[in-house]
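Trainee: I've got a model open and I'd like to learn how to read it. Can we go through a few features together?

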Amino acid sequence: MSMTQINWYPGHMKKTKDLIKENLKLIDVVLEIVDARIPISSKNPDIANLSQTKKRIIVLNKSDLVSKEELVKWKEYFKNKKLADEVVELSAETGFNVKQLYAAIEKVSKERKQKLLDKGLKKVNIRIIVLGIPNVGKSRLINRIVGKNSAGVGNKPGFTKGKQWVKIKEGIELLDTPGILWPKFESQEVGMKLAMSGAIKDEILPIEDVACEFLKKVLELGKWSIIKERYKLLEEDRDEIMEHILAKIALRMSMLNKGGELNILQAAYTLLRDYRAAKLGKFGIDDMEY
Ligand SMILES: Nc1nc2c(ncn2[C@@H]2O[C@H](COP(=O)(O)OP(=O)(O)OP(=O)(O)O)[C@@H](O)[C@H]2O)c(=O)[nH]1
Ligand SMILES: [Mg+2]
C-alpha cells in the first residue's frame with residue numbers, strides 16, 4: 001500500500017476553513033502548533049493563505065521529546081524563513097515554557113493594541129486561534145492555557161453559535177475550538193515522518209514499513225548504539241537490511257507469536273512506541289530544507 005493512497009483526515013479541512021472564515025475578522029493572532037520532532041512535516045502548507053494579514057506564532061510543541069540544540073536550530077530556521085513573527089518552543093504536556101507563549105502573544109499584538117487605544121478604545125482584547133494538524137497537541141495546549149480561567153466570555157451577538165471566546169489572561173481571548181488542518185502529505189517521505197511520530201492511527205498504516213523507514217533514519221542520525229543496546233543486538237546486525245534488523249530485534253527480544261515464529265509486527269510496534277515515548281532518547285526526524 002502506498003502511503004499517499006491513505007485518505008488521511010477527511011472532512012477536517014473544510015470545517016477549519018469555515019471556522020477561520022467565520023471568525024477571521026475577530027482574530028488578531030494565529031497560533032500554529034507544530035510537532036518539534038517534525039516541524040516541517042507537521043506544518044500545513046495553506047496556513048499562510050488562511051492567516052493572511054494576521055500575526056503568526058509558531059509553537060514548537062512536544063519540546064520535551066527533542067534536544068535543546070534542535071529547538072534552537074528550528075527556531076532560527078522559522079525566523080530566517082520569515083514563516084512567523086515569533087517562534088516558541090514548549091511542552092503542552094509538561095507545561096514547560098507556556099509562560100513564554102504569553103510573552104510572544106503580548107509582543108506580536110503590542111502594535112495593534114496601541115493603535116486601538118490611541119483611537120480611544122478603553123479596553124482592547126487580543127483574540128487568538130489555535131491551528132494545527134491532528135495529534136499535534138492543540139487540545140492539550142488549549143486545556144493548559146485555559147486552565148482555571150475557563151470561564152467563557154460568552155456568545156455575544158456576531159459570534160458563531162457554539163464557539164466560545166475564553167479569556168486566558170487580561171486582554172487575551174482564545175477561541176476554544178482549534179482548527180484542524182491537513183499536513184502537507186504530497187510526498188511519501190512526509191507521510192512516513194507523520195506515521196513515525198504517531199500523527200496517524202497505526203491501524204491504517206503498513207506498520208512494518210514505517211518501522212523500517214524509522215530504523216533507516218535512526219542509523220542515518222548516528223544512533224545505532226542506542227538501538228543496539230536497547231534491543232540486545234550484536235554489532236554485526238548493523239550490516240543487515242532494515243527488514244532483517246527488525247527481525248533481529250524480534251529474535252533478541254524473544255518476541256514470538258503463538259506458532260513460535262518471530263513476531264516482526266510486535267518488534268515494529270515496540271520500536272515506534274519506544275521512540276514516541278522518548279525511550280530511545282530525545283531527537284527529531286525531520287531534515288531541514290534550505
Ligand atoms: N510528549 C508530549 N506529548 C504531547 C504534548 N502535547 C500533546 N501531547 C500528546 O499528543 C497527543 C495528542 O494531543 P492532543 O492535544 O489531543 O492533540 P490535538 O492536536 O488536539 O489532536 P486532534 O484533536 O486529533 O486534532 C496526546 O497523546 C498528548 O498527550 C507535549 O508537549 N509533549
Ligand atoms: Mg484535539
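Trainee: At what angle do helix 4 and helix 5 pack, and how far apart are their axes?

Mentor: Keep in mind that this is a predicted model. Here's the general idea: a pair of packed helices is described by the angle between their axes and the distance between those axes. In our case, helix 4 (residues 98-118) and helix 5 (residues 138-146) pack at about 80 degrees, and their axes are 11 Å apart. Angles of 65 to 115 degrees count as roughly perpendicular, so helix 4 is roughly perpendicular to helix 5.

Trainee: Which residues make that contact?

Mentor: Helix 4 brings Val98, Leu101 and Tyr102, while helix 5 brings Leu141, Arg144 and Ile145. Sorted by class, the contact of helix 4 with helix 5 has five nonpolar residues, one charged and no polar ones.

Trainee: Which residues of helix 5 are buried?

Mentor: Start with the general idea: an α-helix has 3.6 residues a turn, so residues three or four places apart point the same way. Now the case here: Lys138, Leu141, Ile142, Ile145 and Val146 are buried in helix 5. Looking down the axis of helix 5, you'd find these buried residues within an arc of 120 degrees, so they line one face of the helix.

Trainee: And what covers the buried residues of helix 5?

Mentor: The cover includes helix 4 and several strands, among them strand 1 (29-35), strand 4 (126-132) and strand 6 (172-175).

Trainee: Let's look at strand 6. Which of its residues are buried on each side?

Mentor: On one side Ile172 and Leu174 are buried, and on the other Glu173 and Leu175 are, so both faces of strand 6 are covered.

Trainee: How do strand 4 and strand 5 run relative to strand 6, parallel or antiparallel?

Mentor: Strand 4 runs parallel to strand 6, joined by three bridges, and Arg127 has Glu173 of strand 6 as its bridge partner. Strand 5 runs antiparallel to strand 6, with four bridges between them. There, Val166 stands opposite Leu174. Strand 5 and strand 6 form a hairpin with two residues between the strands, where Gly171 has a positive phi near 85 degrees.

Terms used
Residues numbered from 1 in each chain as written. Chains lettered and ligands numbered in written order. Predicted model: local features only at pLDDT ≥ 70, side-chain atom pairs only at ≥ 80, totals over all residues. Heavy atoms only, no water. Axes fitted to C-alpha atoms, helices over the stretch in contact; angles between N-to-C directions. Parallel < 35°, antiparallel > 145°, perpendicular 65-115°, else oblique. Contact = heavy atoms within 4.5 Å. Nonpolar A, V, L, I, M, F, W, Y, C, P; charged D, E, K, R; others polar. Buried < 20%, exposed > 50% of the residue type's maximum accessible area, 1.4 Å probe, protein only. Arc of directions from axis to C-beta. Pairing = 2+ DSSP bridges.
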